Amino acid sequence: CRPKRFHGEPRFFGKEVHFFNKDHRYKKGTQFYAKRFQHCNLTDPHATQLAGTVRTQYAMDASPSTFLFPDRVRKTYELAG
């Protein structure tokens with residue numbers, strides 16, 4: 001599931017949130033980041049159940065420079081629970 005792009009944001013924000021690498025966006029907090037993925041379901045609504053398992057749908061922020069900020073990623077992961 002791709003992140004949601006909000007009005008006035010560049011087109012590439014629909015794939016790359018640039019949360020971890022942009023201080024002004026990171027300072028807005030985890031709720032700002034989480035809103036990007038609010039529309040994503042944990043399970044794929046089009047999947048069929050086979051032997052009691054359900055295919056899951058994953059959300060992804062494809063910002064290339066995310067890997068340069070492991071402490072920010074770890075902190076966000078911990079805050080999300």
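## Starting at Ser-65

Contact here means heavy atoms within 4.5 Å. Ser-65 sits in the loop between helix 2 (30–34) and helix 3, and Ser-65 is buried, with a relative accessible area of 18%. Buried means under 20% relative accessible area, exposed means over 50%, and partly exposed is in between (1.4 Å probe, protein chains only).

A quick word on the model: it is predicted, so local features need pLDDT of at least 70 and side-chain atom pairs count only at pLDDT 80 or more, while totals for chains, interfaces and linings use all residues. Residues are numbered from 1 along each chain as its sequence is written, and side-chain values use heavy atoms, with hydrogens and water left out.

## The chain as a whole

What secondary structure does the chain have? It comes to 3 helices and 0 strands, and from the N terminus on the order is α-α-α. Helices (H or I, at least four residues) and strands (E, at least two) are DSSP runs, numbered from the N terminus.

Of the 81 residues in the chain, 30% count as buried. Take the contacts between residues at least 6 apart in sequence: 55% of them join residues at least 24 apart.

## Before helix 1

Now for the segment before helix 1 (23–26), where you'll find His-18. His-18 isn't a glycine, yet His-18 has a positive phi of about 55°. For background, most residues other than glycine have a negative phi. His-18 is also buried, at a relative accessible area of 11%.

If you set aside neighbours within four places in sequence, Val-17 is in contact with Pro-3, Arg-25, Tyr-33, Arg-36, Phe-37, Asp-61 and Ser-63.

Phe-13 is another residue in the segment before helix 1. Not counting residues up to four places away in sequence, Phe-13 touches Pro-3, Lys-4, Arg-5, His-18 and Arg-25. From C-alpha to C-alpha, Phe-13 and Arg-36 are 9.5 Å apart in space, and they are 23 residues apart in sequence.

## Rings that pair up

How many aromatic pairs are there? The count comes to 7. The rule is that rings of Phe, Tyr and Trp (its six-membered ring) pair if their centres lie within 6.5 Å; planes under 30 degrees apart count as stacked, over 60 as edge-to-face and the rest as tilted. Why does the pair of Phe-12 and Phe-13 count as edge-to-face? Their ring centres are 5.0 Å apart and their planes are at 85°, so the pair is edge-to-face. Phe-12 is partly exposed at 42% relative accessible area, while Phe-13 counts as buried at 11%.

Phe-19 and Phe-20 are edge-to-face as well, because their ring centres are 5.0 Å apart and their planes are at 80°. Phe-19 is buried at 1%, and Phe-20 counts as buried at 4%. Ring pairs also link Phe-19, Phe-20, Tyr-26, Phe-32, Tyr-33 and Phe-37 into a cluster.

## The nonpolar core

Which residues make up the largest nonpolar core? There are 8 in all: Val-17, Phe-19, Phe-20, Tyr-26, Phe-32, Tyr-33, Phe-37 and Cys-40. A nonpolar core is a set of buried Ala, Val, Leu, Ile, Met, Phe, Trp, Tyr and Cys residues joined through side-chain atoms within 4.5 Å.

Leaving aside neighbours within four places in sequence, Phe-19 is in contact with Arg-25, Tyr-26, Gly-29, Thr-30, Phe-32, Tyr-33 and Thr-76.

The largest pocket has a volume of about 170 Å³, and its lining is Tyr-33, Ala-34, Phe-37, Ala-59, Met-60 and Asp-61. On a 1 Å grid over the protein atoms alone, a pocket is an open set of points where a 1.4 Å probe fits, with protein on both sides within 12 Å along at least five of seven lines; lining residues have an atom within 4 Å of a point. Grid points are joined across faces, edges and corners, and a volume is the space filled by probe spheres set on the points.

The second largest pocket holds about 150 Å³ of space. Its lining includes Phe-20, Tyr-33, Asp-61 and Thr-76. Helix 3 (residues 70–80) gives the largest share of that lining, 4 residues.
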